[in-house]
Amino acid sequence: MNKLTIAIDGPAGSGKSSVARRVAATLGYLYLDSGAMYRAVARKALRDSIPLENDARLESLARQSHIELKPPTPEQESAGLKNRVFLDGKEVTDEIRTSDVAQAASRLATIAGVREVLVAEQQRAGAGGGVVMEGRDIGTVVFPHAELKIFLDASPEVRAGRRWKEHQEKGEVVSREEVLEEVRVRDQRDRERKVSPLVRAEDAVLVDNTAMGIEETARVIVMLAREREKELAATVGRAK
Ligand code: CDP
Ligand code: CDP
């Protein structure tokens with residue numbers, strides 16, 4: 001079977017993790033959350049009180065960090081966990097999911113040197129193919145030759161509403177307006193930064209899931225993937 005490299009990019013709350021995880025499980029591919037790597041370095045910077053304006057220190061922090069993404073155990077998976085994240089050997093899966101870490105990650109993600117380190121790590125992790133990687137620059141920078149690229153989007157209100165619901169479920173008190181503002185600030189920074197901004201690759205398929213559930217969205221992407229797998233098999237067959 002010809003396994004693909006699938007790149008899924010899009011703004012916060014567009015459903016990348018939930019959808020990518022499901023697509024990977026259906027196709028028997030490896031799922032990798034590149035954003036978790038930016039979050040892990042951000043967590044470390046906050047913990048070590050490194051000023052978020054100090055690009056040189058943040059870059060050397062990224063170079064000195066060892067980040068590993070691992071699949072969840074079957075129990076964790078049935079509880080909805082997508083990737084386990086280890087920072088310097090210690091699990092930080094839950095700690096990296098706070099708003100503070102998200103904002104710090106998006107600041108840190110503007111630094112070219114930090115991106116260089118993490119992109120190289122992502123390319124190594126996905127080198128074998130048969131992988132669904134999600135983030136902001138997967139189809140444009142990390143895997144520009146990915147056989148299938150998806151740009152996942154939804155309206156800002158719906159995306160913020162999804163994130164707000166997650167906070168509610170965790171018992172965190174925060175208003176919908178605050179979450180919408182946070183999502184807007186982070187989207188703007190991700191779209192306007194000089195290095196590897198969030199932009200739809202020319203050859204990416206735009207999937208707007210404002211009015212679609214996770215399963216339906218994943219089904220559309222799996223369908224596209226199976227078509228690409230067949231096309232690839234036919235091309236390889238002809239070349240033989
Ligand atoms: O990874 P990303 O920030 O793009 O989004 P996510 O973490 O996968 O999804 C954010 C939240 O929206 C999760 O709680 C999902 O369950 C939910 N979601 C949804 O309700 N409908 C969708 N079509 C996609 C995601
Ligand atoms: O889950 P959500 O979409 O809210 O965020 P994430 O994917 O965990 O990413 C956190 C931050 O890391 C983003 O706001 C981006 O600034 C940065 N990031 C990036 O620059 N490039 C990637 N490939 C993935 C994440």
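Me: How many bridges join β1 to β6, and do they run parallel or antiparallel?

Reply: β1 and β6 are joined by 5 bridges and run parallel. Strands here are DSSP runs of E with at least two residues, helices are runs of H or I with at least four, and both are numbered from the N terminus. Two strands count as paired if DSSP finds at least two bridges between them.

Me: Before I go on, what kind of model is this?

Reply: It's a predicted model, where local features need pLDDT of at least 70, side-chain atom pairs count only at pLDDT 80 or more, and totals for chains, interfaces and linings use all residues. Residues are numbered from 1 along each chain as its sequence is written, chains are lettered from A and ligands numbered from 1 in the order in which they are written, and side-chain values use heavy atoms, leaving out hydrogens and water.

Me: Ok, back to the strands. What stands opposite V131 in β6?

Reply: T5 does. V131 is also the bridge partner of L30. β2 pairs with β6 too, in the parallel sense, over 4 bridges.

Me: Is β6 mostly covered or mostly open?

Reply: Mostly covered, with 5 of its 5 residues buried. Buried means under 20% relative accessible area, exposed is over 50%, and partly exposed is in between (1.4 Å probe, protein chains only).

Me: Which residues sit on which side of β6?

Reply: V131, M133 and G135 are on one side, V132 and E134 on the other, and all are buried. In a regular strand, side chains alternate between the two faces of the sheet.

Me: Switching to α1. How many residues has it, and how far does it reach?

Reply: Helix α1 covers residues 16–27, so 12 residues, and reaches 16 Å from first C-alpha to last, close to the 16 Å expected at 1.5 Å a residue. That expected span is 1.5 Å times one less than the number of residues. G28 follows α1, with a positive phi near 70 degrees.

Me: What covers its buried residues?

Reply: The cover includes β1, β2, α4, β6, β7 and α10. The buried residues of α1 are K16, S17, V19, A20, R21, V23, A24 and L27.

Key. Contact = heavy atoms within 4.5 Å.
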